[in-house]
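Welcome to the tour. Please open the model in your viewer and follow the stops below.

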Amino acid sequence: MLLSNKVYDILKWIAQFLLPAVGTLYFTLASIWGLPYGEQVVGTITAMDTFLGVLLGLSSSQYKKENVR
């Protein structure tokens, strides 16, 4: 699965910055304000982030294999 550079960069930004920030924000607000399902929401975000990271790693590995000279 090869991604374009733009799609790869966007997904990498989401995986490295957006999802961890959203998870941290929700967990903190859930603790302060008593929002529901704090652990479940953060667990879901973490699972999605891990899955996305694996897909990006596979894409990067495949790209490197195909572009070795």
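Before moving on, a word on the model: it is predicted, so local features need pLDDT of at least 70 and side-chain atom pairs count only at pLDDT 80 or more, while totals for chains, interfaces and linings use all residues. Residues are numbered from 1 along each chain as its sequence is written, and side-chain values use heavy atoms, with hydrogens and water left out.

Next, colour by secondary structure. You will find 2 helices and 0 strands (DSSP runs, H or I of at least four residues for helices and E of at least two for strands, numbered from the N terminus). The radius of gyration is 16 Å, well over the 11 Å that the globule rule gives for 69 residues, so the chain is more spread out than a compact globule (taken over C-alpha atoms; the rule is 2.2 Å times the number of residues to the power 0.38). Show the C-alpha trace, and its principal axes span about 55 × 15 × 15 Å.

Now select Tyr37, in the loop between helix 1 (5–33) and helix 2 (38–66). Is Tyr37 buried or exposed? Tyr37 counts as exposed because its relative accessibility is 60% (buried is under 20%, exposed over 50%, partly exposed in between, with a 1.4 Å probe and protein chains only). Check the backbone too: phi of Tyr37 is near 55°, a positive value in a residue other than glycine. Most residues other than glycine have a negative phi.

Finally, select the buried residues, which make up 17% of the 69 in the chain.
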